[in-house]
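Colleague: I'd like to learn how to read pockets, strands and cavities off a model. Could you walk me through this one?

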Amino acid sequence: MSIPQSGGGPIEHMGQLAEYLESGCKPKDAWRIGTEHEKFGYCKDTLKPIPYEGDRSVLAVLEGLRDGHGWSPLEEGGKLIGLTKDGANVSLEPGGQLELSGAPLETIHQTCDEVNQHLRDVKDIADKVGVRFIGLGAAPVWKHDEMPMMPKGRYRLMNEYMDRVGTMGKSMMYRTCTVQVNLDFASEADMVKKLRVALALQPVATALFANSPFFEGKPNGHRSWRSRIWRDLDPARTGMLPFVFEDGMGFQRYVDYALDVPMYFVYRDGKYINALGQSFRDFMKGELPALPGETPTLSDWADHLTTCFPEARIKKYMEMRGADGGPWRRICALPAFWVGLMYDQNSLDAAWDMVKYWDAETREAWRVEASVRGLHAIVGGRRMLDLAAEVLDISRKGLIARKRCGLGGMVQDERHFLHALEDSIDTGKTPADELLEHYHGDWNGDLNRLYAEYSY
């Protein structure tokens, strides 16, 4: 989840809302890559989720990173709830999932260096305090009442609201993990094409990264239970955004959508003020019940945009949100996948040509089937395995065309970061399929084996 925004002045007219999004436009040479990934922490001996405080806790890990690895603290209400260093942030999801929000970087090589250093640092601290971390899309065994709640006002408000608008909101908050990438756009037209491709092909990422076949101690019937959870969270702020594919799509149309998303909060003086279900449109008019007579700042608008949860979304950049959290070697594959599609014009055009005639029903069908069957999904007679192979080929060509070398020039481009996904295409197996094979085979139904063999 995002940290509170700051630095925005007062909003004096409605046009500033779209201008805020448009201010993210950058020339191609300024495009960057920001990778976010989450992981579950658990006590090494009990296999239970780690609490916020104590000898074996999220706090102990944060303090270890602060004191031993040069991170600066971020606090809320006197509690350490995050860290910052060199443009990156470490933050906490509601159930204590540890998230790295990486710095904006130029290449996947740099992204992978950042990820690897972070995971090494976390492991260094975790080993000292008796905890471990695991990359999965959903908690395989833990039930809701076993999960801690992190001391963040935003989460207390969301926790109160979720049961009003869906059945799986709390499962998302406490028992899911994802890996995401944030990418730039050059113009409104570039944003529109990228967002359309991102939404249409998000199910391909869901299928390739599917890694949550267990929930509450047994198979759940899905390759990506995390994706299933998002389908019954809150229809006002989730989904595939059919309007994005309509004529007239642009920054203002996205603003109109975001204004219709009910609010969660307003952040003032270090505190989250309850604005659950209220309207940002009323806020613009000075009629917000939570703050009568006050009008919003651009920071309030930036905060509100973080409470929209579609499969891909825009702020001053674009977020790809469809993938499960996963094992170490697959984390860098996610930004590589999307950079190859989005940052080379020929690849972006080819991806758009592939999906531009799909209707909303087709896009939604792929979303559902990817969640249930992963690479084995079939929609309209077409196999996800074939679709994913074609998309991966486009991405690979885009990475080759970028010609971003690594290891001092010894590696000519970034295509090798796709190897884990190419393995999935070759075998027809995602991480979820491999987990299910173990469960029904050598694990003999014992999910405790998962912790020993799949932790960082």
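Colleague: Let's start with the second largest pocket. What is its volume?

Modeller: First the idea: on a 1 Å grid over the protein atoms alone, a pocket is an open set of points with protein on both sides within 12 Å along at least five of seven lines, while a cavity is a set where a 1.4 Å probe fits but cannot get out; lining residues have an atom within 4 Å of a point. Grid points are joined across faces, edges and corners, and the volume is the space filled by probe spheres set on the points. Here the second largest pocket comes to about 240 Å³. Keep in mind that this is a predicted model: local features need pLDDT of at least 70, side-chain atom pairs count only at pLDDT 80 or more, and totals for chains, interfaces and linings use all residues. Residues are numbered from 1 along each chain as its sequence is written, and side-chain values use heavy atoms, with hydrogens and water left out.

Colleague: Which residues lie nearest the centre of that pocket?

Modeller: Trp71, Lys85, Ala88, Glu114 and Gln117, out of 13 lining residues. Helix α3 (residues 108-129) supplies the largest share of the lining, 5 residues. As for element names, helices (H or I, at least four residues) and strands (E, at least two) are DSSP runs numbered from the N terminus. By class, the lining splits into 6 nonpolar, 3 polar and 4 charged residues. In that count Ala, Val, Leu, Ile, Met, Phe, Trp, Tyr, Cys and Pro are nonpolar, Asp, Glu, Lys and Arg are charged, and the others, Gly among them, are polar.

Colleague: Ala88 belongs to strand β4, residues 88-92. Which way do the side chains of β4 point?

Modeller: In a regular strand the side chains alternate between the two faces of the sheet. In β4, Ala88, Val90 and Leu92 point one way, and Asn89 and Ser91 the other. Both sets are buried, where buried means under 20% relative accessible area, exposed over 50%, and partly exposed in between (1.4 Å probe, protein chains only). That makes 5 of 5 residues covered in β4.

Colleague: And which strands pair with β4?

Modeller: Two strands pair if DSSP finds at least two bridges between them. β4 has antiparallel pairing with β3 (residues 79-85) over 4 bridges, and 4 bridges also join β4 to β5 (residues 98-101), again antiparallel.

Colleague: What should I look for in the hairpin turns?

Modeller: Check for positive phi. With 2 residues between β3 and β4, Asp86 takes a phi near 50°. The β4 and β5 hairpin has 5 residues between the strands, and there Gly96 has a positive phi near 95°. Elsewhere, β11 (residues 265-268) and β12 (residues 271-274) run antiparallel with 4 bridges, and Asp269 in their hairpin takes a positive phi near 50°.

Colleague: Now the cavities. How many of 30 Å³ or more are there?

Modeller: There are 2. The largest cavity has a volume of about 60 Å³, and its lining includes Leu119, Val122, Phe133 and Tyr456. α3 gives the most to that lining, with 5 residues. The classes there are 6 nonpolar, no polar and 3 charged.

Colleague: What lines the second largest cavity?

Modeller: Among others, Phe40, Pro49, Trp142 and Met147, along with Gly96, the residue with positive phi in the β4 and β5 hairpin.

Colleague: Last one: how many disulfides does the structure hold?

Modeller: A disulfide is a pair of cysteine sulfur atoms within 2.5 Å, and the structure holds 0. For Cys43, the nearest cysteine sulfur, that of Cys177, is 16 Å away. Cys43 is buried, with a relative accessible area of 6%. Cys308 is in no disulfide either, with the sulfur of Cys25 nearest at 18 Å, and Cys308 is buried at 0% relative accessibility.
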